[in-house]
Amino acid sequence: MTSKWHEVPLRDLVGYISKGIAPSYADDETDTTIRVLNQKCNRNYQISYSESRLHDTAKKRVPAERYVKRDDILINSTGAGTAGRIAQIGAVPCDTTVDGHMIILRANEKVMQRYLGYALKAHQREVLQLDEGSTGQTELNRERLLDEIKICYPESFSEQEEIVLMLESIDHKTLINKKINDNLAA
């Protein structure tokens, strides 16, 4: 079963793209705080909450669309050496948003969200080259990201799913091997 494949600019597959918020940081967790992911949370194609901070929604409301959802694609948007890092979040353990140094990207109806995440991560090297500005103040050029990054995808959602399942299996095996190696090193 092989469906027709397309190669299109990323723009043609994006249903939502937005920078994060300018947080009103809080020191202590309360019933009005949510987690805020930042550039430090995005490493090696993965999101870690260990460097996240707290935002107080009582001081500054967060629009519903800027809450992170499972399978959202998160891209660092500023910083020399960090602008362009891509990760796709699997689990969202608590109410979460991103700060203004990250972009949330979601697929439209043409492609599965998880498929787009893998396809975009395959272009990480190219995306890292799209930052502009002076040293330390570089910013990812969002228009170039949307226009210059070309994504190949099959029309068939079942084919997209098969590809995703294969890549998730490889990721799972890689994670197990890393745990084994860490255990052996210890």
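Which residue in strand 11 does K19 stand opposite? The views below come from a predicted model, and the opening view gives the reply.

**View A. Strand 2 pairs with strand 11.**
K19 stands opposite I103 in strand 11. Strand 2 covers residues 14–19. Five bridges join strand 2 to strand 11. The two strands run antiparallel.

**View B. Strand 8 also pairs with strand 11.**
Strand 8 covers residues 73–76. Four bridges link strand 8 to strand 11. This pair, too, runs antiparallel. Look for I73, whose bridge partner in strand 11 is L105.

**View C. Strand 11 is buried along its length.**
Strand 11 spans residues 102–107. Six of its six residues are buried, so the strand is largely enclosed by the rest of the structure. Its side chains point two ways. M102, I104 and R106 point one way. I103, L105 and A107 point the other way. Both sets are buried.

**View D. Helix 1 is enclosed.**
Helix 1 runs over residues 113–121. How many of its nine residues are buried? Nine of the nine are, so helix 1 is largely enclosed by the rest of the structure.

**View E. T82 sits in a loop and is buried.**
T82 lies in the loop between strand 8 and strand 9 (86–88). Is T82 buried or exposed? Its relative accessible area is 16%. The cut-off for buried is under 20%, so T82 counts as buried. Its side chain makes a polar contact of 3.3 Å with the side chain of Q39. A polar atom of the T82 side chain also lies 2.9 Å from the backbone oxygen of T78. Leaving aside neighbours within four places in sequence, T82 is in contact with Q39 and N76.

Which residues make the nonpolar surface patch of about 290 Å²? They are I176, I180 and L184. I176 belongs to helix 4, which covers residues 157–185. I176 is partly exposed, with a relative accessible area of 37%. An α-helix has 3.6 residues a turn, so residues three or four places apart point the same way.

Conventions
Residues numbered from 1 in each chain as written. Predicted model: local features only at pLDDT ≥ 70, side-chain atom pairs only at ≥ 80, totals over all residues. Heavy atoms only, no water. Buried < 20%, exposed > 50% of the residue type's maximum accessible area, 1.4 Å probe, protein only. Pairing = 2+ DSSP bridges. Patch = residues over 30% accessible without salt bridge, like charges linked within 9 Å, V, L, I, M, F, W, Y side chains within 5 Å. Areas by Shrake-Rupley, 256 points an atom, 1.4 Å probe, with all protein chains shown as cover. Salt bridge = Lys/Arg side-chain N within 4 Å of Asp/Glu carboxyl O. Polar contact = N/O pair within 3.5 Å; in protein donor to acceptor, adjacent residues only side chain to side chain. Contact = heavy atoms within 4.5 Å.
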